[in-house]
Amino acid sequence: MNVIIYSKNGQSDLADKLNLNEDYDVRVFPQEEIKNYMDLNPYVLILDMDIDKIKEVCQVTKFETSVIICTDNIPSDFIVRAEAYDFIKKPIDSVELSTRVVALSKIIKYKVGLKKIAITDELTGLYNRKYLQHRLDAEISRARRYGTCVSCLLLDIDYFKTVNDMYGYEWGDVLLKKIAQMLQGLVRKEDVLTRYGDEEFILVLPNTSEDQAFIFAERFRKDIEKMEFIPANEEERHPITISGGIAEFPFLENVDENSNTLVRYAEHALYSAKQRGKNQIVQFSKMNLEY
């Protein structure tokens with residue numbers, strides 16, 4: 001866990017006062033670099049600066065971490081916009097400082113854990129539908145603002161009910177987690193991978209056209225065809241295939257351009273893939289032309 005100290009000249013004796021275990025990495029930076037604090041992914045920021053500079057920084061910055069302010073004087077009207085914060089008056093006692101760092105670290109760690117639970121599917125570890133809606137709205141807004149595109153790929157495991165019926169729900173869960181892991185190994189950092197339904201996954205691909213998404217989906221579909229899925233007490237692999245539907249924003253026609261429309265178009269394309277015999281990927285924009 002990173003503990004970052006910002007001081008007037010990039011030097012501070014507070015680093016020597018901290019008595020922390022090996023889980024903590026303590027570093028000191030000059031106060032001018034505080035605007036870049038998020039790049040360091042800190043659990044706790046310690047501001048060992050002049051009070052005027054601290055007030056200036058706290059008035060314009062919303063800290064997404066815990067903050068400890070070290071000062072000779074604590075103004076009554078002082079406002080800190082942070083996940084959690086504390087004041088320590090100088091001179092600094094090493095035991096008190098270390099104790100407060102540990103306490104605030106636990107608060108942030110607890111909040112991070114709660115946020116992760118709120119947006120994560122318990123079985124696969126992927127994002128859940130609640131987070132998908134938030135991110136998809138944001139990506140469409142960004143695409144509209146910058147004149148770019150975003151594609152939505154909806155994938156569904158063919159005959160998933162058969163797997164549950166033949167081998168039990170435990171092996172259905174094994175299959176879901178295996179496919180989720182395979183997808184995670186292929187997506188980019190900016191992509192949004194979500195478990196959408198019982199056996200469905202949605203992949204949001206920013207700055208990706210429908211044709212580009214199709215190339216990715218086809219490659220993954222072929223990987224699934226070759227996947228080794230051998231349930232317990234079976235001698236041979238059980239054949240697994242997936243179907244997919246893709247839609248792209250902005251849309252070709254003048255419709256209500258929002259995230260629900262994009263997902264609905266991907267669902268239409270997936271339904272077409274299922275109707276045509278499964279184990280294939282369908283592009284929504286080409287449904288009336290090719291399918």
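**Close-up 1. Where helix H6 meets helix H7 in this predicted model.** On the H6 side, the contact uses Ile179, Met182 and Leu183, and these meet Phe216, Phe220, Asp223 and Ile224 of H7. Sorted by class, the residues of this contact come out as 6 nonpolar, no polar and 1 charged. H6 covers residues 169-184 and H7 covers residues 210-225; they pack at an angle of about 140°, and their axes are 12 Å apart. Angles over 145 degrees would count as roughly antiparallel, so this pair is filed as oblique instead. As for handedness, H6 goes past H7 in a right-handed crossing.

**Close-up 2. The other neighbour of H6 shown here: helix H5.** H5 is made of residues 160-167, and its axis comes within 6 Å of the H6 axis, with a crossing of roughly 135°. That angle makes H5 oblique to H6. From H5, the residues in the contact are Phe160, Val163, Asn164 and Tyr167, while H6 brings Tyr169, Trp171, Gly172, Leu175 and Leu176. The class tally for H5 against H6 reads 7 nonpolar, 2 polar and no charged residues.

**Close-up 3. Thr124, in the loop between helices H3 and H4.** The loop in view runs between H3 (94-119) and H4 (129-146), and Thr124 is found in it. Is Thr124 buried or exposed? Its relative accessible area is 11%, and the cut-off for buried is under 20%, so Thr124 is buried. One is the side chain of Asp121, with which the Thr124 side chain makes a polar contact at 2.6 Å. The other is the backbone nitrogen of Leu126, which the Thr124 side chain reaches at 3.2 Å. Leaving aside residues up to four places away in sequence, Thr124 touches Leu176, Lys177, Ala180 and Arg195.

**Close-up 4. Helix H4 packed against helix H8.** H8 spans residues 259-275, and it packs with H4 at an angle of about 105°, the axes being 9 Å apart. H4 is therefore roughly perpendicular to H8. Which residues meet here? Gln133, Leu136, Asp137 and Ile140 come from H4, and they meet Ser259, Asn260, Leu262 and Val263 of H8. This contact has 4 nonpolar, 3 polar and 1 charged residues.

Close-up 5. Leu20 sits in the loop that links helix H1 (14-17) and strand E2 (25-30).

**Close-up 6. Gln31, in the loop between strands E2 and E3.** E3 takes in residues 42-48, and Gln31 lies in the loop between E2 and that strand. With a relative accessibility of 9%, Gln31 counts as buried. What does Gln31 touch? Tyr6, Ser7, Lys8, Met49 and Lys53 make up the list, again not counting residues up to four places away in sequence.

Terms used. Residues are numbered from 1 along each chain as its sequence is written. This is a predicted model: local features need pLDDT of at least 70, side-chain atom pairs count only at pLDDT 80 or more; totals for chains, interfaces and linings use all residues. Side-chain values use heavy atoms; hydrogens and water are left out. Axes are lines fitted to C-alpha atoms, for helices over the stretch in contact, and angles run from 0 to 180 degrees between N-to-C directions. Helices (H or I, at least four residues) and strands (E, at least two) are DSSP runs, numbered from the N terminus. Angles under 35 degrees count as roughly parallel, over 145 as roughly antiparallel, 65 to 115 as roughly perpendicular and the rest as oblique. A crossing is left-handed if the near helix is turned anticlockwise from the far one by less than a right angle, and right-handed if clockwise. Contact means heavy atoms within 4.5 Å. Ala, Val, Leu, Ile, Met, Phe, Trp, Tyr, Cys and Pro count as nonpolar, Asp, Glu, Lys and Arg as charged, and the others, Gly among them, as polar. Buried means under 20% relative accessible area, exposed over 50%, partly exposed in between (1.4 Å probe, protein chains only). A polar contact is a pair of N or O atoms within 3.5 Å; within protein, one must be able to donate a hydrogen and the other to accept it, and residues adjacent in sequence count only if both atoms are side-chain atoms.
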